[in-house]
Amino acid sequence: MTDKFHSYVKGIALSVFVAIVAYLLSSFHQALDSLVVAILFGIILGNLVRDRESIEKGIDLSTRVFIPIGITLYGSQLNFYTLLPYYDYLKVIFLMAVYFSVILYLSKKFAVSRNTGLLLACGSIICGASAIVVLSPVISARKEETSISLIAITIVGLTGVIFYPVIQGWFSIPLEPYAFLCGSTLPQIGQVKLAASAVGVLNEALQVKLLRVAMLAPLALALTLPYRKTQDKKEYFIPWFILTFILTASLFNIIPALSTLSVKIEPVIRFIFSIAIAGIGLSIDLDAVIEEGPRPLIIAFLGWFAAILFYIALYSFFKV
């Protein structure tokens with residue numbers, strides 16, 4: 001009994017340690033997402049531990065417990081009200097649909113797993129690492145699929161943060177379309193903030209980005225029903241944490257008093273997710289990630305390029 005208890009404590013303690021380190025490192029710069037740092041540090045540390053069996057139960061428990069809690073609380077971060085005009089809603093949704101379809105198509109062509117393709121697509125069109133963490137248990141993604149998707153999407157986003165302001169200066173892109181480009185094609189909020197604030201269009205870009213984040217709730221529900229049926233289920237099944245996630249999102253948008261707590265609890269949610277993701281990283285065999293090769297990253301980049309070109313075409317020919 002004591003040995004079993006110790007095995008749980010070791011794994012959970014190690015997950016928390018990785019999460020603390022990731023959270024502290026991410027506080028130095030907006031481009032450093034604590035979830036990505038946690039998965040990378042977890043993979044490295046987990047593959048250095050000799051007696052991995054002694055921590056398996058604990059890291060598995062940390063993942064199974066903290067992911068549902070984090071998903072439920074993450075509903076508080078969704079804002080269903082934006083200041084965008086109606087035609088911007090249509091542009092964002094249309095661009096998301098194209099972006100999503102291109103990545104799924106490329107995933108089939110490059111023969112990556114269905115789960116990896118879905119996570120790459122959802123992470124790209126919604127909110128990067130957070131969307132991947134929320135949707136991974138919905139589609140029963142393997143830990144390797146989750147980690148590979150997280151890393152690929154983050155690399156794409158960081159590339160955009162570096163090059164978007166440079167390209168804007170070179171080609172003298174007007175501020176309004178540049179803000180829309182940042183808000184509609186960069187995966188993570190921190191990346192949107194960096195790229196948009198560089199030229200003074202932060203608020204405009206965030207409005208577009210927040211609309212994408214709000215789409216996480218309907219997308220999670222939409223993916224749950226058909227995906228669960230393909231898993232030889234006789235009836236449709238919605239995981240309880242998706243229901244609590246949507247309930248939390250609804251309450252925080254309906255009750256004004258709750259909406260003010262959204263910013264305050266965001267660090268707590270981020271830390272909870274970091275513990276869960278650290279557990280995933282600690283349990284991953286590095287060789288399994290390496291075997292996947294560069295295909296997910298290539299897909300993420302090609303999908304990103306396609307989204308950019310599509311928006312440029314829309315703006316150039318239709319001025320929208």
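User: Which residue does Glu292 form a salt bridge with?

Analyst: Glu292 pairs with Arg295, and their closest N and O atoms are 3.2 Å apart. A salt bridge here is a side-chain nitrogen of Lys or Arg within 4 Å of a carboxyl oxygen of Asp or Glu. This is a predicted model, where local features need pLDDT of at least 70 and side-chain atom pairs count only at pLDDT 80 or more, while totals for chains, interfaces and linings use all residues. Residues are numbered from 1 along each chain as its sequence is written, and side-chain values use heavy atoms, with hydrogens and water left out.

User: Is Glu292 buried or exposed?

Analyst: Glu292 is buried, at 17% relative accessible area. Arg295 is partly exposed, at 27%. Buried means under 20%, exposed over 50%, and partly exposed in between (1.4 Å probe, protein chains only).

User: How many salt bridges turn up in the whole structure?

Analyst: The search finds 7. Among them, Arg142 meets Glu144 at 3.3 Å, N to O, and Arg142 also meets Glu145 at 3.6 Å. Glu145 is buried, with a relative accessible area of 5%, whereas Arg142 is partly exposed at 46%.

User: Switching to rings: how many aromatic pairs are there?

Analyst: A search of the whole structure gives 10. Rings of Phe, Tyr and Trp (its six-membered ring) pair if their centres lie within 6.5 Å; planes under 30 degrees apart count as stacked, over 60 as edge-to-face and the rest as tilted. One of the pairs is Tyr23 with Phe271, edge-to-face, with 6.0 Å between centres and 85° between the planes. That pair links distant parts of the chain, 248 residues apart: Tyr23 is in helix α1 (residues 2-26) and Phe271 in helix α14 (residues 262-282). Helices (H or I, at least four residues) and strands (E, at least two) are DSSP runs, numbered from the N terminus.

User: Why does Phe271 count as partly exposed?

Analyst: Because its relative accessible area is 26%. Another pair, Tyr164 and Trp304, is stacked, at 5.9 Å centre to centre and 20° between the planes. Tyr164 sits in helix α7 (residues 143-171) and Trp304 in helix α16 (residues 295-318), 140 residues apart.

User: And which residues do ring pairs link into a cluster with Tyr164?

Analyst: Phe301, Trp304 and Phe305 join Tyr164 in that cluster. Both Tyr164 and Trp304 are buried.
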